[in-house]
Amino acid sequence: MSTSFFQRQEKARTNTGWLVFLFVTAVVGIVATASTVGYVATTMASPRPSDIGGAGTIGQDPLDPLAVAMLCGCAAGAVIVMGSLYQIISLRSGGGSGVAESVGGRPLVVDTATADEKRLLNIVEEMAIASGTPVPPVYILDEPGINAFAAGYRPNDAVLGVTRGAIENLNREQLQGVIAHEFSHVLNGDMKMNIRMIGILHGILLLSLIGRFLFHSLRFMGGSRSSDNKGSGGIVVIMLVIGVSLLLLGSIGSFIGGLIKAAVCRQREYLADASAVQFTRNPDGIGGALKRIAAIVTHGKLEHPNASVASHLYFAQGVYEGFTGLLATHPPLPKRILAIDPNWDGSFETTRASARVGLKSSNVAAGALGAGVAMGFSAAPGKADQPVSAKMVRDATEHVGSPEEEHVEYSASLLQSIDHELRKAASDPYSARALIFALLLDRNASIAEKQISDLRTSIEPAIVELTVRLAPIVKKSPESTRLPLVDLALPMLRRMSSSQYQQFIHAFDKLVRADNQLSIFEWTLAQVLRRNLRSQFHRVSAVPVLYQRLSKLSSEVSLLLSMLARVGHTEEESPMAFGVAAKKLSDVRLHLVAADECNFTKLEAALEKLRRASERHRIELLDACAEAVAADGIVKVREAELLRGIADLLECPMPPIIDVEWAT
Amino acid sequence: MSISWLILIVPIVMLGFLVLVLMYGVGIYNRLVALRNRVDNSFSQIEVQLKRRYDLIPNLIETVKGYMKHERETLEAVITARNQAVSGLQNASGHSDDPSAMAALAVAEKGLSGSLGRLFALAEAYPDLKANQNMAQLTEELTSTENKIGFARQGYNDSVTEYNTYRQSFPPLLIAGATGHTSDRELLDFGDEPIAAAPKVSFS
């Protein structure tokens with residue numbers, strides 16, 4: 001049942017490929033048919049040679065059927081291509097928030113949140129931190145039905161939408177199941193695939209729209225002309241025929257396209273359900289949610305007029321999609337419930353018991369706050385420089401993109417342990433900036449002072465004061481909370497306006513460059529922030545996979561591994577660490593890069609290229625990175641978090657590495 | 001080239017051109033909508049902080065009442081101003097396109113800030129009050145909320161400017177009027193200090 005991250009991503013990629021192939025075939029078919037129709041229509045409608053020179057027709061050349069055919073084919077093809085491109089581009093540029101707003105969502109704001117909404121936010125934060133991704137912004141849809149969706153092109157710019165009905169009708173574990181399902185869509189690469197699908201389908205639909213337009217507009221023209229000149233009447237008839245054919249072709253094409261899209265979507269839904277169960281190890285959660293949806297009258301139906309745009313993004317069937325179920329983007333509820341719970345008895349009653357018992361994570365909260373001195377919870381996650389099990393580090397890559405129940409529990413506990421002041425700071429765009437600055441202050445006091453004085457010249461004084469106030473709290477906090485704090489702050493930072501962002505980034509860059517002795521950990525933290533924030537304010541184009549073999553990137557890999565080998569190892573030990581790492585990538589020629597040749601500029605460039613390797617290879621690379629860090633068998637929390645940061649920069653979201661004491 | 005070609009090519013090319021123009025137009029419309037949504041969202045962020053501020057004030061009055069027994073007028077002025085601001089916000093909520101509601105809100109906010117300022121100025125003369133833990137915490141929270149209001153307002157004004165500029169530019173102005181984007185949004189001014197611009201970097 002547990003397939004790995006890259007297997008699922010590759011499956012999504014092959015699904016997309018198959019889909020594209022089918023669509024291309026359909027388009028070719030449409031173009032060919034359009035040409036044929038044009039040809040046939042011309043042949044039938046053009047004046048016979050014997051008419052030329054006869055009464056009334058002056059200089060009418062017979063229309064060249066071949067020309068017409070080619071023109072028709074080209075026109076049809078052009079329309080489809082343009083339509084598809086346009087839709088794909090506009091969906092990409094609107095981003096997740098664009099989709100969310102177009103179906104009537106409004107952003108959830110912490111301060112005015114009701115208790116139920118706050119619970120939702122907590123769940124989303126737990127899940128995000130458990131997956132190792134930034135916390136996505138949450139949108140609320142004012143709908144009574146129970147439904148949710150995830151939109152956006154990449155995990156880094158994902159947004160979640162949840163209906164009011166869901167928030168109010170589901171208990172914590174059911175809501176968690178739904179959110180886990182949506183997160184799985186994000187992690188499995190479904191969103192990218194979906195956007196492409198909408199795009200291509202739109203192109204075909206455009207054809208039928210044009211056909212309709214032609215048909216209606218020419219019907220009138222055709223009527224008045226047909227009485228006189230037979231030649232031009234013939235042309236109008238041609239256009240009429242073309243119009244009708246386009247309409248038919250477009251409609252049939254859309255229908256077939258719809259079938260294909262629906263079939264693929266249904267498959268992905270089952271997959272997301274399965275991933276969600278793996279995520280939470282709690283079939284009752286998502287199973288319960290599905291039962292609840294089935295039990296209430298409105299099910300998951302959404303009332304907003306624009307809801308069908310995102311029909312395949314929802315958790316449950318959101319819009320009416322026909323009787324037969326062939327066009328439905330979601331499998332029928334009973335089938336989904338059975339897939340999760342083979343022993344299901346067919347009733348939609350969720351037991352009172354499961355309604356009471358929250359998921360363990362809420363018990364964790366109660367336990368840790370109370371007298372809980374139970375073995376597992378007494379050690380707060382990642383105490384100071386507590387070592388992390390090297391074995392867990394080495395195994396960490398197994399969990400990339402596949403967070404599990406223990407990660408969720410761990411992250412719930414982690415969130416509880418974060419200082420209240422820091423949490424508050426992270427929940428607002430204004431103070432989140434100060435939090436970020438505080439996170440990046442150097443441990444060395446004199447360097448930190450220089451950073452503060454640099455800040456005074458680039459941002460308003462109140463923020464500098466806040467930074468200074470938060471700094472000691474940040475210093476006291478365990479290392480394991482740094483990346484999660486960045487993940488928590490990100491959705492708020494995205495709410496800045498462009499000019500506020502410019503000012504922030506300017507101050508941020510100055511802070512980070514303050515000293516040349518920036519540790520690789522701080523640098524990684526800074527990069528994670530920059531990358532995840534950039535996509536909000538700059539057009540970021542999709543990164544196509546360029547490199548199918550790591551051997552082409554040997555110098556970049558060497559640089560990365562060399563720099564990591566020096567982390568936590570002395571200069572003498574580092575060749576050994578490097579060697580251990582290099583063994584994992586036996587087919588790549590690697591060499592240890594000298595210390596003075598390593599700098600962050602080069603590393604940034606190297607990572608840029610490495611991101612263009614395929615998923616499978618990026619994970620292999622991550623494995624090697626883990627070896628480099630864990631070579632001497634001693635891994636500090638800081639080093640484990642560094643690995644997670646590198647994983648983020650390689651677009652392989654890695655769940656927190658749970659340290660030994662907590663796990664027992 | 002025979003006439004038959006022309007008769008066929010021209011309409012198709014024109015159609016193609018029309019389609020392109022239409023798609024471009026739809027793109028512009030979508031962007032107008034997106035920018036306007038951003039304005040509305042930024043406003044709701046201001047709302048959140050304003051509400052927080054209004055919620056803090058009754059608490060503040062309670063704390064201060066015991067110490068500043070003889071300053072009834074000032075205290076009442078604050079309460080009145082606060083209530084006015086609350087209703088001002090209710091009217092403006094969800095109607096950031098209504099200039100008079102927004103203007104009324106701005107006036108109410110200025111009034112509130114003014115009376116709060118007077119209250120705090122007077123409070124300086126009461127050392128016991130200043131030493132009070134609750135007072136210190138409330139003051140801190142109020143200041144922080146005001147900072148957040150300022151920041152949110154700056155963000156709002158940025159998004160308003162972006163929307164207005166785009167709406168007025170060519171070619172969006174061609175379709176803006178016909179598609180419901182008929183007027184500019186107003187900038188919001190609460191009379192507070194603008195967020196201090198980053199101090200000029202001196203090269204001395």
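Trainee: What should I know before I start?

Mentor: Residues are numbered from 1 along each chain as its sequence is written, while chains are lettered from A and ligands numbered from 1 in the order in which they are written. The model is predicted, so local features need pLDDT of at least 70 and side-chain atom pairs count only at pLDDT 80 or more, whereas totals for chains, interfaces and linings use all residues.

Trainee: How many helices and strands does chain A have?

Mentor: Helices (H or I, at least four residues) and strands (E, at least two) are DSSP runs, numbered from the N terminus. Chain A has 27 helices and six strands.

Trainee: What share of chain A is buried?

Mentor: A residue is buried if 20 or more other C-beta atoms lie within 10 Å of its own, exposed if 12 or fewer, and partly exposed in between, with C-beta atoms placed from the backbone. Of the 664 residues in chain A, 52% are buried.

Trainee: Now the sheet, please. In what order do its four strands lie?

Mentor: Strands of a sheet pair through backbone hydrogen bonds, either parallel or antiparallel. Two strands count as paired if DSSP finds at least two bridges between them. In chain A the order is E1-E2-E4-E3, in an open sheet with mixed pairing. Strands E1 (105-107) and E3 (148-151) of chain A are the edges, each pairing on one side only. From one strand to the next, the twist averages 30 degrees.

Trainee: Which helix packs on that sheet?

Mentor: Helix H5 (residues 172-187) of chain A does, touching E3 and E4 of chain A. Its direction makes about 25 degrees with that of E3(A).

Trainee: And how do E2(A) and E4(A) run?

Mentor: E2 (residues 138-141) and E4 (residues 159-163) of chain A run parallel and are joined by four bridges. Leu141(A) stands opposite Thr163(A) in E4(A).

Trainee: How do I read a helix pair, such as H23(A) and H25(A)?

Mentor: Start with the axes: they are lines fitted to C-alpha atoms, for helices over the stretch in contact, and angles run from 0 to 180 degrees between N-to-C directions. H23 (residues 574-584) and H25 (residues 615-630) of chain A pack at about 160 degrees, with axes 8 Å apart. Angles under 35 degrees count as roughly parallel, over 145 as roughly antiparallel, 65 to 115 as roughly perpendicular and the rest as oblique. H23(A) and H25(A) are therefore roughly antiparallel.

Trainee: Which residues of H23(A) and H25(A) meet?

Mentor: Contact requires C-beta atoms, placed from the backbone, within 7 Å. Ala577(A), Phe578(A), Val580(A), Ala581(A) and Lys584(A) in H23(A) meet Asp623(A), Ala624(A), Glu627(A) and Ala628(A) in H25(A).

Trainee: How does H25(A) meet H26(A)?

Mentor: The axes of H25(A) and H26 (residues 637-649) of chain A come within 10 Å and cross at roughly 160 degrees. This pair is therefore roughly antiparallel too. Leu622(A), Cys625(A), Ala626(A) and Val629(A) of H25(A) make the contact with Glu639(A), Leu643(A), Ile646(A) and Ala647(A) of H26(A).

Methods. Two residues are in contact if their C-beta atoms, placed from the backbone, lie within 7 Å.
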